[in-house]
Amino acid sequence: MFVLELTYIAPVERVEAALAEHIAWLDAHYASGVFIASGRKVPRDGGVIIALGDDRSKIEEIVESDPFTVAGVCEYSITEFLATKTAPPLESYRQELPS
């Protein structure tokens, strides 16, 4: 599992200009099952996406295809983690520690 943290590096007006394409990009990755949660940070200086995957390079490719990245309005920080404990509705995403 991955936490993708976006930080805006351009004025919000430029972010807004790419927002519709970014939302379509999010929708495509929700439909494919890669994204399970996302939203704006408070204060609004970026966002956070929770993504599923076992291949960091694939997640990096997805990040590079974000219209926000292409437009040069954000930078990403990618943190991989093992979700060894979850709330009951997220039990299907629970992971085991490696032996």
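Strand β2 (residues 35–40) and β3 pair in the antiparallel sense over five bridges; two strands count as paired if DSSP finds at least two bridges between them. β2 and β3 form a hairpin, with five residues between them. Strands (E, at least two residues) and helices (H or I, at least four) are DSSP runs, numbered from the N terminus.

The model is predicted, and local features need pLDDT of at least 70, side-chain atom pairs count only at pLDDT 80 or more, and totals for chains, interfaces and linings use all residues. Residues are numbered from 1 along each chain as its sequence is written, and side-chain values use heavy atoms, with hydrogens and water left out.

G53 is found in the loop between β3 (46–51) and α2 (56–64). With a relative accessible area of 32%, G53 is partly exposed, a class that lies between buried (under 20%) and exposed (over 50%), for a 1.4 Å probe and protein chains only.

Not counting residues up to four places away in sequence, G53 touches M1 and F2; contact means heavy atoms within 4.5 Å.

## The largest nonpolar core

A nonpolar core is a set of buried Ala, Val, Leu, Ile, Met, Phe, Trp, Tyr and Cys residues joined through side-chain atoms within 4.5 Å. The largest one has 22 residues, of which L4, F35, I49, I59, F68 and Y76 touch the most other members. β1 (2–8), α1 (12–31), β3, α2 and β4 (74–80) each supply at least two residues of this core, and the largest share, five residues, comes from α1.
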